[in-house]
Amino acid sequence: VLRETRAPGEDGYVTAEDVKFSVLDTGEIQKVSMKDDHTRTSLTKVDTDSKPVAGALMQIVTVKADGTPNYDDVKYEWTTGDEPHVIEYIPTGKYFLVEVKAPEGYVKAKPVQFEIKDTAEVQAVELVEKQVSFSKTDVTGQKELPGAEMEVVDETGNIVDKWTSNTEEHMISGLEEGKEYTLREITAPDGYVVAEEIKFTVTTDKKDQHI
């Protein structure tokens with residue numbers, strides 16, 4: 001039996017299966033061949049309804065000794081489309097899937113740790129992206145009020161998103177999971193008073209939020 005005890009996993013190869021062979025009673029040179037396959041990883045970005053989300057800038061980074069993402073060691077980078085992104089020859093080991101920039105109207109998801117195992121089977125990694133929507137209504141809660149100037153700021157006062165309300169819900173852009181924000185009304189529509197600001201936290205569960 002010819003057995004591979006360690007594949008060159010640092011180059012993206014996986015351990016081959018054992019090869020049985022017999023030594024023939026002949027003086028001719030005999031050849032025994034073993035072929036290494038390689039890793040295949042399918043990376044998908046979806047919304048809370050499991051539909052593909054295009055336009056997200058993604059990276060694969062290594063893991064620091066303390067178990068956190070090493071953002072300075074980027075191994076792969078791409079922009080998501082309507083189909084899963086397949087990368088071959090990723091070296092075996094642990095990584096983080098990082099969303100660098102979310103598409104408009106979506107929340108930037110927290111990094112997800114995953115492991116490339118010693119197998120030639122396609123390994124699937126999925127990152128779910130949620131949305132936070134905002135409605136500007138009157139006191140009945142039934143009527144959308146257009147014309148209000150709104151903004152969302154982060155904990156340091158930086159403006160994350162700014163818009164004017166209309167007759168439809170607004171999908172807030174630029175938010176990050178696990179962070180707290182403040183929703184402010186800068187100018188109210190004619191005949192209305194400016195509402196009190198609202199503090200909210202983007203939850204890390206994969207459910208859309210409504211403010």
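**Surface, fold and an aromatic pair**

The protein in this predicted model exposes about 12900 Å², and carbon and sulfur atoms supply 46% of that area.

User: Is the protein a compact globule or more spread out?
Analyst: Start with the strands, 14 in the count. For 211 residues the globule rule gives 17 Å, but the radius of gyration is 25 Å, well over that, so the protein is more spread out than a compact globule. Along the principal axes, the C-alpha trace spans about 100 × 30 × 20 Å. So the pick is "more spread out".

User: What are the plane angle and the type of the pair formed by Y13 and Y89?
Analyst: The count of aromatic pairs in the protein is 4. For Y13 and Y89, the ring centres are 5.6 Å apart. Their planes sit at 75°, and over 60 counts as edge-to-face, so the type is edge-to-face, at 75°.

User: How many residues apart are Y13 and Y89?
Analyst: Y13 is in the segment before β1 (40–46). Y89 is in the loop between β4 (85–88) and β5 (93–101). The pair links distant parts of the chain, 76 residues apart.

Conventions
Residues are numbered from 1 along each chain as its sequence is written. This is a predicted model: local features need pLDDT of at least 70, side-chain atom pairs count only at pLDDT 80 or more; totals for chains, interfaces and linings use all residues. Side-chain values use heavy atoms; hydrogens and water are left out. Helices (H or I, at least four residues) and strands (E, at least two) are DSSP runs, numbered from the N terminus. The radius of gyration is taken over C-alpha atoms; the globule rule is 2.2 Å times the number of residues to the power 0.38. Accessible areas come from the Shrake-Rupley method with a 1.4 Å probe; for residues, only the protein chains shown count as cover. Rings of Phe, Tyr and Trp (its six-membered ring) pair if their centres lie within 6.5 Å; planes under 30 degrees apart count as stacked, over 60 as edge-to-face and the rest as tilted.
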